[in-house]
Amino acid sequence: SYAYSLVRAGRLEEASDALIRGIHEKYPRPFSSGTQILREDLAIVAAAWMKREPNRKPEILARLAKEELMVATGPSLRCILQWETDANDVDFHIRDGKKGHAFFSQRELASGGRLYDDITTGYGPECFNIDGKPAAYPYRVSIHYYSRGPMGFGMGRLEIMRHDGNGNLGFE
């Protein structure tokens with residue numbers, strides 16, 4: 001996403017602004033868990049921003065309070081899937097090292113983690129999130145292009161973000 005690109009470029013304030021705009025955007029179709037994903041991302045970006053600029057902590061916390069959020073203080077692993085066409089159904093599958101499998105009809109892993117929604121009408125996002133330290137490495141993420149809509153095949157993007165709970169982020 002645009003906000004993740006800004007984070008990777010070290011532009012945390014701009015990423016925060018982009019996420020806030022996304023949270024308040026009026027979308028032409030239901031955005032499913034998209035707003036929840038943006039809100040959680042904002043709390044994580046705020047943690048990274050406070051780590052980088054601790055003297056701005058009061059300002060950052062005030063921005064979060066305005067959105068009724070608190071800074072993310074625990075570790076997490078987030079996998080976000082998006083694609084560029086409407087009416088396409090792309091299925092997200094996550095397997096853990098304990099032979100668990102999360103997908104559209106079984107959204108939670110016994111080892112921890114949850115797939116938020118199964119988007120069947122295009123674009124996504126679909127998010128798999130583990131709150132806390134992941135406990136079942138290795139994880140394997142796969143994508144199944146279940147059905148193609150009238151716009152044809154589309155490109156997509158999978159972004160994996162790790163937060164250590166202390167404001168340090170890693171991306172794949």
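**Exercises on a predicted model**

At 37% relative accessibility, Phe-104 counts as partly exposed, where buried means under 20% relative accessible area, exposed over 50%, and partly exposed in between (1.4 Å probe, protein chains only). The model is predicted, so local features need pLDDT of at least 70 and side-chain atom pairs count only at pLDDT 80 or more, while totals for chains, interfaces and linings use all residues. Residues are numbered from 1 along each chain as its sequence is written, and side-chain values use heavy atoms, with hydrogens and water left out.

**Exercise 1.** Classify Phe-103 as buried or exposed, and then describe its aromatic pair with Phe-104.

*Solution.* Phe-103 has a relative accessible area of 19%, and is therefore buried. A pair of aromatic rings is described by the distance of the centres and the angle of the planes. For Phe-103 and Phe-104 these are 5.3 Å and 85°, which makes the pair edge-to-face (rings of Phe, Tyr and Trp, the last by its six-membered ring, pair if their centres lie within 6.5 Å; planes under 30 degrees apart are stacked, over 60 edge-to-face, the rest tilted).

**Exercise 2.** Find which residues Leu-64 is in contact with, leaving aside neighbours within four places in sequence.

*Solution.* Contact requires heavy atoms within 4.5 Å. With those neighbours set aside, the partners of Leu-64 are Leu-42, Ala-43, Ala-46, Leu-69, Met-70 and Val-71.

**Exercise 3.** Determine where the charged end of Arg-8 sits.

*Solution.* The charged end of Arg-8 lies over the ring of Phe-171, 5.4 Å from its centre; the criterion is NZ of Lys or CZ of Arg within 6 Å of the ring centre and within 35 degrees of the ring normal.
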